[in-house]
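Good morning, and thank you for coming.

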Amino acid sequence: QVIKCKAAVLWEANKPFSIEEVEVAPPKEHEVRVKIMATGICRSDDHVVTGAMVMPFPVILGHEAAGVVESVGQGVTAVKPGDKVIPLFVPQCGECQNCLNTKGNLCSKTDLGTSPGLMPDGTTRFTCKGKAIHHFLRTSTFTEYTVLHESAVAKIDSAAPLEKVCLIGCGFSTGYGAAMQTAKVEPGSTCAVFGLGGVGLSVIMGCKVAGASRIIGVDINKDKFAKAKELGATDCINPKDFNKPIHEVLMEMTGGGVDYSFEVIGRTDTMTAALACCQSNYGVSVIVGVPPAAQKITFDPMLLFTGRSWKGSVFGGWKSKDAVPKLVADYMKKKFVLDPLITHTLPFTKINEGFDLLRTGK
């Protein structure tokens, strides 16, 4: 039956979240209703608030979470009530071109870039004050209960601490995979990471595990340098400390450019700087931050003609349903840490304070 619960509804852009009572419909065929136990705040959620990422309103945001299956719809075989799961904003249907290709991970069932804000059948499972509320990336985790398509849930180890492994639902996997999967960083290589938030720090961890000999963190907030170094950065630089473009600084520091660079902010100027700072003939630059809507990049094509590669990475290049349970298992085996990525733990009703902390770089 319908569940009434609390959710953080965003009624319109550039307004605070409103904690409302919502009705969550039961799961339809091949759908799963999940009780959300922990959710992270990601810059991509904030991009919707500011309008940099265009989504229909009203909406329940959130896409990085962990929870417990409450009920399942007809035909669901992968999970049962009581299972611990992580919602997948990049699903894995196992049938589309990208799922069937060994190189692909961006399942065609994703709501990324299409933005109808609805379930695959074109309807919503949320109602508030008699109004239909949109889903976000078909995950919508800023609510006590959500409904997901079966292709968008991964069953994980029942012993995993949900308040930690929720980060594997987006931030950690996105950064770690950008280094390990998309760039395939090699031992002894040099790397530059633009943006030292949670995802940027996860890129650093991936570079370190891959055996990079030099990892340079770039951020205009020097308060982020200590943690970056703790997680593996060898150098940290602030573009504000130099009176020349940051790519020139990095070229000089590395004697001709880094092997791998990562843009983990979502700004077009830093995307081109990251491309320009990698080695002119075999450097690889990866775009990890969500590009802002309605902005274009202008750059000198000679940057690519000489041999550089420019790549994008969604969810770290992982095939979500296959990779998430393995990443959780690796965490349980202490192959990587998540604690340094968690700066604050707040009750759900203080979600607006959480976003303030994100926006002030804390």
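This is a predicted model: local features need pLDDT of at least 70, side-chain atom pairs count only at pLDDT 80 or more; totals for chains, interfaces and linings use all residues.

Residues are numbered from 1 along each chain as its sequence is written, and side-chain values use heavy atoms, with hydrogens and water left out.

The protein divides into domain 1 (3-171 + 317-360) and domain 2 (183-312); these bounds come from an automatic or database domain assignment. Taken over C-alpha atoms, the centres of the two domains are 28 Å apart. Ten residues of domain 1 are in contact with twelve residues of domain 2, contact meaning heavy atoms within 4.5 Å. Between the domains, about 890 Å² of area is buried, and carbon and sulfur atoms give 65% of it. Buried area here is the accessible area (1.4 Å probe) that two parts lose on being put together, summed over both. Of the area that domain 1 buries against domain 2, Gly-171, Pro-340 and Leu-341 supply 46%, more than any other three residues.

Where does the second largest pocket lie? Domain 1 and domain 2 both give residues to its lining, so this pocket lies between them. Two terms are needed here. On a 1 Å grid over the protein atoms alone, a cavity is a set of points where a 1.4 Å probe fits but cannot get out; a pocket is an open set with protein on both sides within 12 Å along at least five of seven lines, and lining residues have an atom within 4 Å of a point. Grid points are joined across faces, edges and corners, and a volume is the space filled by probe spheres set on the points.

The second largest pocket holds about 290 Å³. Its lining comprises 14 residues, and those nearest the centre are Lys-103, Gly-104, Asn-105, Thr-182 and Gly-317. By class, two lining residues are nonpolar, eight polar and four charged. Ala, Val, Leu, Ile, Met, Phe, Trp, Tyr, Cys and Pro count as nonpolar, Asp, Glu, Lys and Arg as charged, and the others, Gly among them, as polar. Both α4 (171-183) and β15 (309-312) supply at least two residues of this lining; helices (H or I, at least four residues) and strands (E, at least two) are DSSP runs, numbered from the N terminus.

Next, the strands. Strand β3 (residues 31-39) runs antiparallel to β8 (residues 145-149), joined by five bridges, with Val-34 opposite Thr-146. Strand β3 also pairs with β4 (residues 65-72) in the antiparallel sense over seven bridges, pairing requiring at least two DSSP bridges.

Finally, Phe-57 and Pro-58 are joined by a cis peptide bond, with omega of about -10 degrees. Phe-315, in the loop between β15 and α10 (320-332), has a positive phi of about 50 degrees although it is not a glycine.
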